[in-house]
Amino acid sequence: MPFWLKALLVVAGVFVVGSIVMSVVSWALHSLLFVAVGAAAVGVLYYGYHRFMMSIPAYRRRQLQKKRDY
C-alpha cells in the first residue's frame, strides 16, 4: 500500500472519530440545554400558579393555616 494512501486513511480516520466525538458532545449539551429550559418553564409555571392562587382569599387563609399547623 502506498504511503500517501496510508496517510490519507489515517487523516480520514481522525476526521471520522473527531466528528463522532463532536456529535456526542453536541447531543449531550443540547440535552442539558433542553432540560434546563424545561426546568425553568416548570418553575415559572409553578411560581405563576402559586402567585395566582394566593390572590384568592380562601386559598390564602387555608395555606397560612397549614403553615401554622406544621
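## Surface and burial

The protein exposes about 6,500 Å², of which carbon and sulfur atoms supply 76%. The model is predicted. Of the 70 residues in the protein, buried ones make up 4%.

## Overall dimensions

Taken along the principal axes, the box filled by the C-alpha atoms of the protein is roughly 85 × 25 × 5 Å. The radius of gyration is 28 Å, whereas a compact globule of 70 residues would have a value near 11 Å.

## Secondary structure

The protein has two helices and zero strands. Helix 1 covers residues 3-54 and includes Val17. Helix 2 covers residues 57-69, and Gln63 has its place there.

## Nonpolar patch

Which residues form a nonpolar patch on the surface? The patch consists of Val17, Val21, Val25, Leu29 and Leu32. Together these residues have about 460 Å² of accessible area. One of them, Val17, lies in helix 1.

Gln63, in helix 2, counts as partly exposed because its relative accessibility is 23%. The value falls between the cut-offs, with buried meaning under 20% and exposed meaning over 50%.

Along the chain, Gln63 and Val21 are 42 residues apart. The separation of their C-alpha atoms is 51 Å. Val21 is one of the residues of the nonpolar patch.

How values were computed
Residues numbered from 1 in each chain as written. Predicted model: local features only at pLDDT ≥ 70, side-chain atom pairs only at ≥ 80, totals over all residues. Heavy atoms only, no water. Patch = residues over 30% accessible without salt bridge, like charges linked within 9 Å, V, L, I, M, F, W, Y side chains within 5 Å. Areas by Shrake-Rupley, 256 points an atom, 1.4 Å probe, with all protein chains shown as cover. Salt bridge = Lys/Arg side-chain N within 4 Å of Asp/Glu carboxyl O. Helix = DSSP H or I, 4+ residues; strand = E, 2+ residues; numbered from the N terminus. Rg over C-alpha atoms; globule rule 2.2 N^0.38 Å. Buried < 20%, exposed > 50% of the residue type's maximum accessible area, 1.4 Å probe, protein only.
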